[in-house]
Amino acid sequence: MHIESVDWDDAAAVALREAMAEEVALRYPDRFNDRNGVDAGDVVYTGVVYTADGQPVGHAALRRLGEDLELKRMYIVPAHRGTGVSTALLAAVEEAAVRLGGRRLLLQTGDRQPEAVRLYEKTGYTRIPIFPPYETQTYSFCFEKVLRPVRTATTVITGGTDGIGRALAGTYLGRGHHVVAIGTNQEKGTAFLRAADEAGAGDRVMFLRADLSLVAGNRGVIDRITERYAAIDVLILGARFHRSTRVETADGLESNFALYYLSRYLLSHGLAGLLQRAEQPVVLNFGGVGLTGPVRWDDLQLRHDYPGTGALGHSAALCDLLGARFAEEYGIPYVLNHPGVVATSFAGEYDAATAAHVEGLRNSGKPVAEAVAQILPFLDAPPAGLTAVLEGRRIPFAADPGDAARLDDITRKLLAAL
Ligand SMILES: NC(=O)c1ccc[n+]([C@@H]2O[C@H](COP(=O)([O-])OP(=O)(O)OC[C@H]3O[C@@H](n4cnc5c(N)ncnc54)[C@H](OP(=O)(O)O)[C@@H]3O)[C@@H](O)[C@H]2O)c1
């Protein structure tokens, strides 16, 4: 069993709510007009429980009600009642409520649902007077639960479905974090969710499918994360996709510039507010640590003499400037990491010569676990400001502040025009 956070209009969620409506209508045929609508705009969390073989069997949602959060549409498919699904789902909803900054969870149920009342009493809910908007439904049983203000740490990882990012996702799940992994490949995402479920962390994991080489893809990810999380403790920027020949995205941007630099710019700045809410936030960006470049100021989109594998290095040099500027602007520790050659998927489209070279790197690279062990100490105790790490060693690096400001200015203007 695992619980997925889904959209309110997700097909499985809609089907479960329809099944619930049919059942409720049978129990309260005389009070049909009292059915309480939910405005999708108020919903801040929707959870669906899946069995190990992928059947959706439970549903619950949270909506904002004034200062509080209210549990809505809690439903378990009859054949799965009494199997622990409802308590697991309630726990996931409460965790989501805490993540969203909720202090109190409210709920209303009816007098003909004694099994629901028993569940809420058993799980620590206290009966309270009927609260608005249920005043006219005098048969209502209303409950509250004061939520523990403890927040589970949250880690967001682009490229969290493969290579070093995937391994870091496993590490943070093992430490009890909520982990959001972002990638384009649904199969990798599903495999990641399944592995988390098998490790007993299915209720702390989210896969967001998004093409981060598109500006809209990044903005969508920022919106989804902002809706669901009150803070971010660790932001890891690791998505990359090499191309031997120059390709432009639908935004008209060179693809490495878009994915390796601009996505990291958008996510760093777009999630800075959530990072600032964490006690000890840190950003990890796989930059060039001063070893790549130089920056082609007159040709950031690499229109002339496209450098093949060098396109990644060029974007990594831009990431160095991004990190320097970001650390200064927000006071959030920013770690630039060059892991050396690591045996990963090396996602990309390669010409024959590069493919042979990359195959050699895949075979000769250090194990992913070694690369993770080399960077973790810097994430666990990040030095203030900007830190450059090369294969586990901190190296001296200082970006030119003028260059960092110049790139920031160019990027803001570019984004404003898109
Ligand atoms: N491996 C090395 O030797 C090495 C050396 C130096 C630096 N680095 C840096 O370390 C970081 C991690 O590298 P890695 O080798 O571990 O990565 P990898 O195995 O090549 O995996 C790349 C990741 O990026 C995601 N991705 C690709 N295109 C995407 C897109 N358009 N939108 C969203 N996600 C996308 C992939 O997910 P999907 O497949 O789901 O899209 C995958 O999770 C990168 O920044 C890399 O440049 C690695």
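At what angle do helix 2 and helix 3 pack, and how far apart are their axes? Helix 2 (residues 85-99) and helix 3 (residues 114-122) pack at about 55°, and their axes are 11 Å apart. Axes here are lines fitted to C-alpha atoms, for helices over the stretch in contact, with angles running from 0 to 180 degrees between N-to-C directions. The model is predicted, so local features need pLDDT of at least 70 and side-chain atom pairs count only at pLDDT 80 or more, while totals for chains, interfaces and linings use all residues. Residues are numbered from 1 along each chain as its sequence is written, and side-chain values use heavy atoms, with hydrogens and water left out. Helices (H or I, at least four residues) and strands (E, at least two) are DSSP runs, numbered from the N terminus.

Helix 2 and helix 3 are therefore oblique to each other; angles under 35 degrees count as roughly parallel, over 145 as roughly antiparallel, 65 to 115 as roughly perpendicular and the rest as oblique. Ser86, Thr87 and Leu90 of helix 2 meet Leu119, Tyr120 and Lys122 of helix 3, where contact means heavy atoms within 4.5 Å. Sorted by class, that makes three nonpolar, two polar and one charged residues (Ala, Val, Leu, Ile, Met, Phe, Trp, Tyr, Cys and Pro count as nonpolar, Asp, Glu, Lys and Arg as charged, and the others, Gly among them, as polar).

Helix 7 brings Phe257, Tyr261, Leu262, Tyr265, Leu266 and His269 to the contact, and helix 12 brings Leu407, Asp408, Thr411, Arg412, Leu414 and Leu415. The tally for this pair is eight nonpolar, two polar and two charged residues.

Then there's the sheet: seven strands, open, in the order 1-2-3-4-5-7-6, with mixed pairing. Strands pair if DSSP finds at least two bridges between them. The edges are strand 1 (2-5) and strand 6 (126-128), each pairing on one side only. Strand 6 runs antiparallel to its partner, strand 7 (residues 141-146), over three bridges, and Ile128 stands opposite Cys142 of strand 7.

Over in strand 1 sits His2, which counts as buried because its relative accessibility is 15% (buried means under 20% relative accessible area, exposed over 50%, partly exposed in between, with a 1.4 Å probe and protein chains only). Leaving aside residues up to four places away in sequence, His2 touches Val48, Val49, Tyr50, Asp197 and Gly202.
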